[in-house]
Amino acid sequence: MTTKSEQLFNKAKQVMPGGVSRNTIFRKPYPFYAASGKGCYVTDVEGVTRIDFANNMASLIHGHAYAPIVEAVSEQLTKGSCFTMATEAEIEYAALLCERVPSFDKIRFVNSGTEAVMAMLKASRAYTGKAKIAKVEGAYHGAYDYAEVSQTANPSNWGDIDKPNSTPVAVGTPEKALEDVVVIPFNDVDRAIKILDQHKDEIACILVDLLPHRVGLIPASDEFVCALRKWADDNASLLVFDEVITFRTNYSGAQQNYSVNPDLTAMGKMIGGGFPTGAFAGADKVMKVLDPTEPKVLLPHSGTFSANPVTMTAGLIAMRDFDQKAVDKLNDLATYARTEITKVIKDVGIAACVTGAGTMFRVHLKAQPPKNYRQAYADKEESKHVNALLEHMFANGVMLINTCSATLSTTMTIKEIDHLVATFKSGFEMLLPKITK
Ligand SMILES: Cc1ncc(COP(=O)(O)O)c(C=O)c1O
């Protein structure tokens with residue numbers, strides 16, 4: 001007897017490398033295939049329904065098939081999905097986002113988080129006339145050659161913490177790209193500034209995710225962000241934030257929690273209302289590099305599907321309905337989840353901890369919360385246990401992101417969180433005898 005998913009995977013393998021279009025959804029021995037989703041529940045082709053704490057990698061803020069978006073997008077589709085013309089929808093949505101975030105004077109829409117980060121880095125280069133970028137060790141910023149440097153650094157290649165190596169993700173990454181990326185340790189002001197000082201006059205921007213998922217889902221300290229802001233100002237460089245995920249953590253994004261503003265911000269995921277999107281926004285003086293009415297356009301920038309009215313319509317509704325009240329309510333629910341999981345960890349007596357902020361959290365099989373990428377890094381043994389925990393959660397009706405991270409959607413209630421917590425408890429009990437250190 002084979003499952004429907006297995007049959008689909010056998011077909012998929014014939015036409016896609018490894019049977020998938022994105023490695024994130026691959027599971028051994030084969031991925032599961034979704035049939036439908038409603039609210040915070042997803043039903044697979046086997047007919048099994050689970051609570052969705054993955055939300056398409058943190059991109060759905062109102063869960064699946066959110067009725068106001070379904071209705072508005074269906075209407076837009078009858079009028080056409082994309083044109084070689086601008087539409088009113090993009091102006092309305094741009095105005096909403098600029099109104100929402102104090103650091104946004106101007107905004108441009110693109111089609112993914114990767115594209116948003118790439119365009120933001122290129123805008124920084126065009127504005128400063130410098131080539132290098134600085135980024136935090138291990139931080140994930142999408143697939144642009146420069147942005148992905150050091151993303152998969154490991155103990156065999158990450159080098160001295162006083163000068164972390166620029167390690168490639170993909171084989172064949174140009175040496176020049178590696179040379180043009182300066183890697184700094186997270187939340188370590190002294191080391192970061194010393195490293196930046198070695199590249200004075202060369203750095204276009206410092207790229208920071210304020211709650212970097214792969215660095216452990218721990219918030220950047222205000223001290224760290226302020227020090228980077230000051231260094232950027234002192235050295236004619238820019239400070240730019242990747243809020244592709246973290247925009248969901250507060251009304252004006254995670255930047256609302258800090259005492260300084262970025263020059264530019266990249267967004268994606270949630271702001272598409274369930275459709276592919278990205279955007280970058282920031283100070284007028286920098287965004288001017290894109291302006292086609294300027295005598296010289298420093299960064300010519302376009303994209304066939306950028307700001308298409310389907311995405312703009314969906315995004316506008318998603319963000320309109322994620323107002324301050326909804327943000328507060330969801331953040332409270334996430335705080336409840338983090339508190340309850342921490343209690344269960346203590347009750348079971350397992351060496352584990354919870355990190356995160358806003359609507360997100362991550363469970364680590366470590367006694368203490370990690371402070372940086374090197375501490376968050378899971379060795380083979382830990383990865384094996386994390387995978388066993390994920391399997392247990394999945395078998396018991398809970399879908400998580402594969403780092404054992406969860407993101408909430410506004411359709412969730414205490415009922416779903418209590419199920420999550422109870423499933424973590426039985427998962428920890430299952431793991432406890434297997435963990436030797
Ligand atoms: C922080 C961050 N930046 C950028 C990206 C890239 O976004 P996309 O997958 O839409 O290209 C991601 C995706 O997970 C992300 O988490």
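A polar contact here is a pair of N or O atoms within 3.5 Å; within protein, one atom must be able to donate a hydrogen and the other to accept it, and residues adjacent in sequence count only if both atoms are side-chain atoms. This is a predicted model, where local features need pLDDT of at least 70 and side-chain atom pairs count only at pLDDT 80 or more, while totals for chains, interfaces and linings use all residues. Residues are numbered from 1 along each chain as its sequence is written, and side-chain values use heavy atoms, with hydrogens and water left out.

## Around the ligand

The side chain of lysine 269 puts an N or O atom 2.7 Å from an oxygen atom of the ligand. Threonine 114 has a polar side-chain atom 2.7 Å from a ligand oxygen, and aspartate 242 has one 2.7 Å from a ligand nitrogen. On its own the ligand exposes 390 Å², and the protein buries 81% of that (areas by the Shrake-Rupley method with a 1.4 Å probe; for residues, only the protein chains shown count as cover).

Who else is there? The residues around the ligand include Ser112, Gly113, Tyr140, His141, Asp209 and Ile245, where being near takes a heavy atom within 4 Å. Sorted by class, this shell has three nonpolar, five polar and three charged residues (Ala, Val, Leu, Ile, Met, Phe, Trp, Tyr, Cys and Pro are nonpolar; Asp, Glu, Lys and Arg are charged; the others, Gly among them, are polar).

## Ring pairs

The model has 11 aromatic pairs, counted when ring centres of Phe, Tyr or Trp (its six-membered ring) lie within 6.5 Å; planes under 30 degrees apart are stacked, over 60 edge-to-face, and the rest tilted. Take phenylalanine 9 and phenylalanine 26: their centres are 6.1 Å apart and their planes sit at 50 degrees, so this pair is tilted. The two are 17 residues apart, with phenylalanine 9 in helix α1 (residues 4–15) and phenylalanine 26 in the loop between α1 and β1 (34–38). Helices (H or I, at least four residues) and strands (E, at least two) are DSSP runs numbered from the N terminus. Phenylalanine 9 is buried at 6% relative accessible area, whereas phenylalanine 26 is partly exposed at 35% (buried is under 20%, exposed over 50%, partly exposed in between; 1.4 Å probe, protein chains only).

Tyrosine 93 is in helix α4 (residues 88–100) and phenylalanine 109 in strand β4 (residues 106–110), so the pair ties together parts 16 residues apart in sequence. Tyrosine 93 is buried at 0%, and phenylalanine 109 is buried too, at 7%.

## A cluster with an arginine

Tyr30, Phe32 and Phe394 make up one aromatic cluster. Arginine 50 has its charged end over the ring of phenylalanine 394, 3.8 Å from the centre, and also lies over the face of phenylalanine 32, at 5.4 Å. The test is NZ of Lys or CZ of Arg within 6 Å of the ring centre and within 35 degrees of the ring normal.

## Two buried loop residues

Asparagine 372 is in the loop between β12 (360–364) and α12 (373–376) and is buried at 18%. Its side chain reaches the backbone nitrogen of arginine 374 at 3.1 Å and that of glutamine 375 at 2.9 Å.

Serine 306 sits in the loop between α9 (284–287) and α10 (309–321), buried at 19%. Its side chain makes a polar contact with the side chain of asparagine 111, at 3.3 Å.
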